[in-house]
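Colleague: I am new to this structure and would like to learn how to read it. Please take me through its features one at a time.

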Amino acid sequence: MNHSVLMGRLVREPEVRYSQGEQSTAIARYTLAIDRPKTRNNQNPGADFIPCVAFGRSGEFAEKYFHQGMRVLVSGRIQTGSYVNKDGQ
């Protein structure tokens, strides 16, 4: 089961585009800064930056209501990918 719940702050305003075609779909891209838990030895552990993509109505919601610095909770799935160019790199 691939289900994740993330809570963090928006690094910047979401970038929203609309797909072309008969039924255009909103595609919102944003990055969440998620604080790492504090430990006894490390009082300032930093943050992880997670790129997120929302499609359709979720993308429209992000465009309308998400703003830089806002704390949000998102639910979805994690998908990783890789790219190999024609030179094999």
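Colleague: Is Arg36 buried, partly exposed or exposed?

Modeller: Bear in mind that this is a predicted model. The general idea is to compare the relative accessible area with two cut-offs: under 20% is buried, over 50% is exposed, and partly exposed is in between. Arg36 has a relative accessible area of 40%, so Arg36 is partly exposed.

Colleague: How many salt bridges does the structure hold?

Modeller: The count is one.

Colleague: Which residues form a nonpolar patch on the surface?

Modeller: A patch takes residues with over 30% relative accessible area, and nonpolar side chains are joined within 5 Å. In this model, the patch consists of Val5, Met7 and Leu73, and together they have about 310 Å² of accessible area. Leu73 sits in strand 5. With a relative accessible area of 58%, Leu73 is exposed.

Colleague: What is the volume of the largest pocket?

Modeller: The volume is about 640 Å³. The lining has 22 residues, and those closest to the centre of the pocket are Pro51, Cys52, Val53, Gly76 and Arg77.

Colleague: Which element gives the most to the lining of the largest pocket?

Modeller: That is strand 4, with six residues. At least two residues each come from strand 1 (4-10), strand 3 (26-35), strand 4 (47-55), helix 1 (57-65) and strand 5 (71-76). By type, the lining of this pocket has 14 nonpolar residues, six polar and two charged.

Colleague: How far apart in space are His67 and Glu13?

Modeller: For such a pair, read the separation along the sequence alongside the C-alpha to C-alpha distance. His67 and Glu13 are 54 residues apart in sequence and 5.2 Å apart in space, C-alpha to C-alpha. His67 is in the loop between helix 1 and strand 5, and is partly exposed at a relative accessible area of 41%.

Colleague: What separates the C-alpha atoms of Gly81 and Ile27?

Modeller: They are separated by 18 Å, and the two residues are 54 residues apart along the chain. Gly81 is in the segment after strand 5, and its relative accessible area of 74% makes Gly81 exposed.

Colleague: Is Ile27 buried or exposed?

Modeller: Ile27 is buried, because its relative accessible area is 14% and the cut-off for buried is under 20%. Ile27 lies in strand 3. Ile27 also pairs up in this kind of reading with Ser58: the two are 31 residues apart in sequence, and their C-alpha atoms are 8.5 Å apart in space.

Colleague: Where is Arg29 found?

Modeller: Arg29 is in strand 3. Its relative accessible area is 43%, so Arg29 is partly exposed. From Arg29 to Ala62 the separation is 33 residues in sequence and 8.8 Å in space, C-alpha to C-alpha.

Conventions: Residues numbered from 1 in each chain as written. Predicted model: local features only at pLDDT ≥ 70, side-chain atom pairs only at ≥ 80, totals over all residues. Heavy atoms only, no water. 1 Å grid on protein atoms, 1.4 Å probe; cavity = no way out; pocket = protein on both sides within 12 Å on 5 of 7 lines; lining within 4 Å. Points joined across faces, edges and corners; volume = space filled by probe spheres on them. Helix = DSSP H or I, 4+ residues; strand = E, 2+ residues; numbered from the N terminus. Nonpolar A, V, L, I, M, F, W, Y, C, P; charged D, E, K, R; others polar. Patch = residues over 30% accessible without salt bridge, like charges linked within 9 Å, V, L, I, M, F, W, Y side chains within 5 Å. Areas by Shrake-Rupley, 256 points an atom, 1.4 Å probe, with all protein chains shown as cover. Salt bridge = Lys/Arg side-chain N within 4 Å of Asp/Glu carboxyl O. Buried < 20%, exposed > 50% of the residue type's maximum accessible area, 1.4 Å probe, protein only.
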